[in-house]
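Keep the structure open beside you as you read.

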Amino acid sequence: MVSGRPSALNMRLNSRPDAAALVRAVFGGIATPFALRPELLNDLKTVASEACNNAVDHAYRGETGAIAVRVDIQLEEIEVSVRDWGGGFQQLTPAGDRLRVGLPLINALADRAEFLSAPGNGTEVRMGFDLRHDPRRTATLVQLEDAEDPEAWLPWRRGLAGDVVVTLLARDLLPSVLGPLTSALAARSRFSLERFSDVYIVTRAICKHVHTAASSSRVSFALTARDQRLELTIGPLGVGTGERLQAIDPEANNDRSVAALADEIAFEQLDHSELLRVVLIDRERDLSGTPGQP
């Protein structure tokens with residue numbers, strides 16, 4: 001893998017049981033933009049799922065911690081990295097462990113697999129897929145712009161926090177990644193069918209808005225889902241562009257604007273750019289899943 005090149009996708013999420021499902025949803029989203037054949041996509045989903053499940057099961061000894069997923073895509077290779085900051089492989093029990101199934105499977109599917117682990121410093125699994133003679137992919141790739149200094153991006157990205165934090169290069173990948181993640185987290189948060197539809201509509205409108213309003217070739221976002229509440233923070237956007245979003249009619253011949261569908265829309269200026277925050281709440285059900293009181 002070429003060192004120093006910005007990754008197509010950086011994702012950080014909590015080590016919850018559904019972490020692998022969220023990662024698989026993201027991989028499914030980027031399959032079309034990167035022209036990944038079904039066979040290669042299945043292998044990528046499988047190895048990433050195994051690495052995520054190992055982190056969930058073993059890294060934090062039953063506690064919740066962070067998992068980072070990185071995807072680097074070049075003309076000759078795809079590299080997937082899954083990292084945690086837990087105890088490392090050395091603390092695992094040797095017999096009857098699920099890890100004994102996951103690691104051989106990763107080795108079997110990936111053309112290159114590295115397992116880097118140190119006590120107290122976590123584990124990183126790097127999995128490479130050689131594309132030079134691989135019939136599992138097609139020849140076309142989206143064009144990734146890498147003119148920006150990746151280190152200059154880090155302070156802005158670190159300002160985001162949530163259940164899932166993602167940075168994308170290029171921003172054209174946003175609809176393919178944000179859509180599956182908002183759907184998965186809305187389902188986790190037990191949104192009603194009607195409000196779930198609103199989440200889809202608002203997400204689509206935000207993707208369209210970011211495409212024209214973004215102030216960088218990269219885009220980052222954070223998602224948090226809690227008890228019928230979904231919060232999205234996204235940027236960087238051009239200063240003063242946020243007002244346009246509130247007036248967008250996300251559906252033709254529909255009088256419901258984004259401002260009417262969202263419970264909260266806020267804008268914050270940060271590093272000569274604008275940060276957008278949107279909150280959607282499902283008020284149709286109380287926490288027990290029964291219809292809420294008016």
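Start where two helices touch: Leu-174, Pro-175, Leu-178, Gly-179, Thr-182, Ser-183, Ala-186 and Ala-187 in H5 meet Phe-196, Val-199, Thr-203, Cys-207 and Val-210 in H6. Contact here means heavy atoms within 4.5 Å, and helices (H or I, at least four residues) and strands (E, at least two) are DSSP runs, numbered from the N terminus. The residues of this contact split into 9 nonpolar, 4 polar and no charged. For that tally, Ala, Val, Leu, Ile, Met, Phe, Trp, Tyr, Cys and Pro are nonpolar, Asp, Glu, Lys and Arg are charged, and the others, Gly among them, are polar.

Before going on, a word on what you're looking at. This is a predicted model, where local features need pLDDT of at least 70 and side-chain atom pairs count only at pLDDT 80 or more, while totals for chains, interfaces and linings use all residues. Residues are numbered from 1 along each chain as its sequence is written, and side-chain values use heavy atoms, with hydrogens and water left out.

Back to the pair. How do the two helices pack? H5 (residues 174-188) and H6 (residues 193-213) sit at an angle of about 155 degrees with their axes 10 Å apart; axes are lines fitted to C-alpha atoms, for helices over the stretch in contact, and angles run from 0 to 180 degrees between N-to-C directions. That makes H5 roughly antiparallel to H6, the term for angles over 145 degrees. Their crossing is right-handed, meaning that the near helix is turned clockwise from the far one by less than a right angle.

Cys-207, one of the H6 residues in that contact, is buried at 9% relative accessible area, where buried means under 20% (1.4 Å probe, protein chains only). Cys-52 is buried too, at 0%. A search of the whole structure finds 0 disulfides, a disulfide being a pair of cysteine sulfur atoms within 2.5 Å.

Now for the backbone. Most residues other than glycine have a negative phi, and most peptide bonds are trans. Ala-35 has a positive phi of about 55 degrees. You'll find Ala-35 in the loop between helix H1 (19-30) and helix H2 (38-59), and it is buried at 15%. Gln-228 has a positive phi as well, about 65 degrees, and lies in the loop between strand S7 (218-225) and S8. Gln-228 is buried, with a relative accessible area of 2%.

Finally, look at strand S8 (residues 229-237), where Pro-236 is placed. The peptide bond from Gly-235 to Pro-236 is cis, with omega near 0 degrees.

Definitions and conventions: Buried means under 20% relative accessible area, exposed over 50%, partly exposed in between (1.4 Å probe, protein chains only). Angles under 35 degrees count as roughly parallel, over 145 as roughly antiparallel, 65 to 115 as roughly perpendicular and the rest as oblique.
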